Amino acid sequence: MDRRKFNKLILGAPLLLASPKTLPAISGPYGIRIKKPPRLQKGDKVGLIAPASAATQEKFEKAIFNIESLGLKVSVGTYAHEKTGFLAGDDDKRLSDLHRMFEEDSIKAIWAVRGGYGTTRLIPRLNYRMIRKHPKILIGYSDITALSNAIFARSGVVGFHGPVASSDFTDYNLEYLQKVLFEGHVKLTVQIGYANSNNVSDAYRQQVITPGHMKGHLAGGNLSLLSAMVGTGYLPDFNRKIVFIEDIGEKPYRIDRMLTQLLTSTNLAKASGILLGIFEDCETDDPENSWTLQEVLRDRLGKLGMPVFYGFPIGHIQDQATIPIGITAKFDTTSRELIYLESPVK
């Protein structure tokens, strides 16, 4: 995910109702109290939005089909079909759709049609107090990382790193969407799955970088977004957390640079452990003059004195798990199972 240009965000703009100076960042079990959204039920209405890049009509049709296949109804954002340059409409329109979906009582969850780029432009202008008053499931991955983590950090509302609405729904991701969003299992065990375990691609090869057991609140997402959020005040505190990280299409030197930025600019080194997803297409084209992806990960993360595992089903893959941001979980590098120790929904 190439985000070489991170637009400067203008504080004090309209709709700016919360800022780093007015609302303290959450810090896991202390700070802002974590708030869980209501679980989904058959027949609930879900808001479909495009908070980042524009989506094709084909993606919208697929997204609507996917949501309805879960027994849910769909309400498409007023401006979801807009297109302004590389964005799905200007910031005001995308923000308006997001705010309306949180405020409207008939909407029970919010699903991003796709990722792309653009959510980092919105996070300084989100009404975090309103979101806390109307906690709802917000789900997506990739660029949606910025929204989920900022909302968790600023409002304490649990977010969900999982398939976007236009993803290919498989038996694997449908199983965890159902168990996490609808059933809200306590002590749910998330396994890597047959297809992921048997994928012969190097990107899917599981690696124990540092063995051990990790336990803590979950936080994380796409590496490009996490590194872009450094210094904004909207990134969660990583102290004693299980930090999950994934990316796609970034060469090893760029992975090195982003991990180095997180290590030098945040307290990632104080995490309980690091759970790495599938880094698809992140190998070098010039092996004689580069480290491999695994060499970068071992160099940057293998000396931290905490458990680090590579190859969990998180990221730009078909069979991806739904990971709640903000709940307590545990992971052991021997069993290779992520266990949620509380329900992510109420």
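**View 1. Helices and strands of the predicted chain.** The protein chain has nine helices and 14 strands, where helices (H or I, at least four residues) and strands (E, at least two) are DSSP runs, numbered from the N terminus. This is a predicted model, so local features need pLDDT of at least 70 and side-chain atom pairs count only at pLDDT 80 or more, while totals for chains, interfaces and linings use all residues. Residues are numbered from 1 along each chain as its sequence is written, and side-chain values use heavy atoms, with hydrogens and water left out.

**View 2. Overall dimensions.** The C-alpha trace spans about 50 × 40 × 40 Å along its principal axes.

**View 3. Two domains.** Domain 1 covers 45-169 and domain 2 covers 188-340; the bounds come from an automatic or database domain assignment. Their centres, taken over C-alpha atoms, sit 24 Å apart. Domain 1 puts 24 residues into the contact and domain 2 puts in 27, with contact meaning heavy atoms within 4.5 Å.

**View 4. What gets buried between the domains.** Domain 1 and domain 2 bury about 2000 Å² between them, and 65% of that is on carbon and sulfur atoms. Buried area here is the accessible area (1.4 Å probe) that two parts lose on being put together, summed over both. On the domain 1 side, look for N149, F152 and H161: they lose the most area to domain 2, together 32% of what that side buries.

**View 5. Polar pairs and the domain 1 face.** Seven residue pairs (both at pLDDT 80 or more) are in polar contact between the domains. A polar contact is a pair of N or O atoms within 3.5 Å; within protein, one must be able to donate a hydrogen and the other to accept it, and residues adjacent in sequence count only if both atoms are side-chain atoms. On the side of domain 1 that touches domain 2, α4 (144-155) and β5 (159-161) are the elements that give two or more residues. The largest share, eight residues, comes from α4.

View 6. The side chains of D91 and R94 meet in a salt bridge at 2.9 Å, N to O. The term means a side-chain nitrogen of Lys or Arg within 4 Å of a carboxyl oxygen of Asp or Glu. Both residues lie in α2 (residues 91-103), three residues apart, or about one turn of the helix.
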